[in-house]
Amino acid sequence: MQAWQVHENGEPSEVMRLGDVERPTPGDGQVLLRVRAANINFPDALLCRGQYQVRPPLPFTPGVEICGETEDGRRVIANPALPYGGFAEYAVADAAALLPAPEALDDAEAAALHIGYQTGWFGLHRRAALQAGETLLVHAAAGGVGSAAVQLGKAAGATVIGVVGGAGKAAVARELGCDVVIDRREQDVVAAVKEATGGRGADVIYDPVGGEAYTQSAKVVAFEGRIVVVGFASGTIPSPALNHALVKNYSILGLHWGLYNTKNPKLVQQCHEQLTELAARGAIKPLVSERVPLREAAAGVQKVADGLSTGRIAVVMEGAA
């Protein structure tokens with residue numbers, strides 16, 4: 001089969017190589033899946049660089065999120081079991097963790113429904129308890145993780161403020177449904193949020209960026225607000241001033257979605273049922289900005305690594321829906 005492999009750590013475009021390899025053999029409790037579409041995530045870039053919390057043995061195939069097909073023809077969503085990731089014609093996944101692909105979504109959209117939307121749902125609902133009528137601020141609102149949070153926030157009845165970098169991403173954020181869009185390259189984020197909220201600030205802040213974005217969040221979080229920390233795409237891990245959280249009465253909430261797969265997998269299934277229902281009535285629809293063939297996967301991962309993408313880039317196999 002054709003598969004991309006990483007033989008040494010570095011930039012994706014330099015270390016990912018496409019070649020013919022043997023089909024992987026599933027282990028106990030695993031299944032072999034024919035990949036229909038693989039979604040590109042920022043962790044794929046971190047895996048190539050050797051900077052992710054999971055470091056599979058070299059060589060490995062990246063690709064942490066797919067829509068695949070079982071031997072009996074079922075269309076499923078899965079997180080491949082590394083080192084046999086999704087940027088290949090076949091991948092391996094844990095049988096117990098397979099989720100049915102929503103009929104309302106095509107293969108690329110289904111592949112993009114999983115990690116970003118599960119993270120958004122757990123972050124906004126289980127951790128932050130977002131309520132209808134509250135104000136939600138989403139950093140990197142036009143990206144794969146941010147766009148999911150925007151849609152989920154709107155579906156929950158929140159007023160959504162999206163922070164983006166650049167006019168092109170601002171346009172995408174508006175199309176996603178953001179009530180207010182702030183271009184951090186052209187505007188003072190703190191001043192713009194305070195103006196948009198009448199000085200009150202945001203009730204819930206969704207931060208996959210870290211660094212300066214977190215600093216801004218702490219300045220604009222409302223009384224009894226919640227900052228949900230879901231990642232550090234900026235490359236800088238902030239050091240929160242806990243005295244500031246005490247004085248302003250706000251909460252800092254961490255979210256590592258992957259832990260639910262081991263700590264409480266039933267919640268992952270319940271979340272998927274909620275997401276499937278939202279997709280069926282059109283309340284959410286993954287933003288797939290590009291669909292590329294397998295041979296262009298490395299370029300796609302590099303584009304995500306460089307912060308040049310909007311929504312999700314999906315690697316779509318021949319014959320996929």
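Predicted model: local features only at pLDDT ≥ 70, side-chain atom pairs only at ≥ 80, totals over all residues.
Residues are numbered from 1 along each chain as its sequence is written, and side-chain values use heavy atoms, with hydrogens and water left out.

**Helix 4 and helix 5**

- Helix 4 (residues 115–127) and helix 5 (residues 144–155) have axes that come within 8 Å and cross at roughly 50°. Axes here are lines fitted to C-alpha atoms, for helices over the stretch in contact, with angles from 0 to 180 degrees between N-to-C directions; helices are DSSP runs (H or I, at least four residues), strands likewise (E, at least two), numbered from the N terminus.
- The two are therefore oblique to each other; angles under 35 degrees count as roughly parallel, over 145 as roughly antiparallel, 65 to 115 as roughly perpendicular and the rest as oblique.
- Gly116, Tyr117, Gly120, Trp121 and Leu124 from helix 4 meet Ala148, Ala149, Gln151, Leu152 and Gly153 from helix 5, contact being heavy atoms within 4.5 Å.

**Helix 2 and helix 12**

- Helix 2 (residues 42–49) packs against helix 12 (residues 297–305) at an angle of about 100°, with the axes 8 Å apart. That makes the pair roughly perpendicular.
- On the helix 2 side you'll find Phe42, Asp44, Ala45 and Arg49, and on the helix 12 side Val301, Val304 and Ala305.

**Nonpolar cores**

- The largest nonpolar core has 77 residues, and Phe122, Leu136 and Val315 have the most contacts inside it. A core is a set of buried Ala, Val, Leu, Ile, Met, Phe, Trp, Tyr and Cys residues joined through side-chain atoms within 4.5 Å; buried means under 20% relative accessible area, exposed over 50%, partly exposed in between (1.4 Å probe, protein chains only).
- Helix 11 (residues 265–280) gives the most to this core, with six residues.
- Leaving aside neighbours within four places in sequence, Phe122 is in contact with Arg127, Leu255, Trp257, Tyr260, Leu267, Val268 and Cys271.

**Leu33**

- Leu33 sits in strand 3 (residues 30–39) and counts as buried, at 0% relative accessibility.
- Not counting residues up to four places away in sequence, Leu33 touches Ile66, Glu69, Thr70, Val76, Ala78, Glu89, Tyr90, Ala91, Ala93 and Leu98.
- Leu33 and Pro43 are 10 residues apart in sequence, and 21 Å apart in space, C-alpha to C-alpha.
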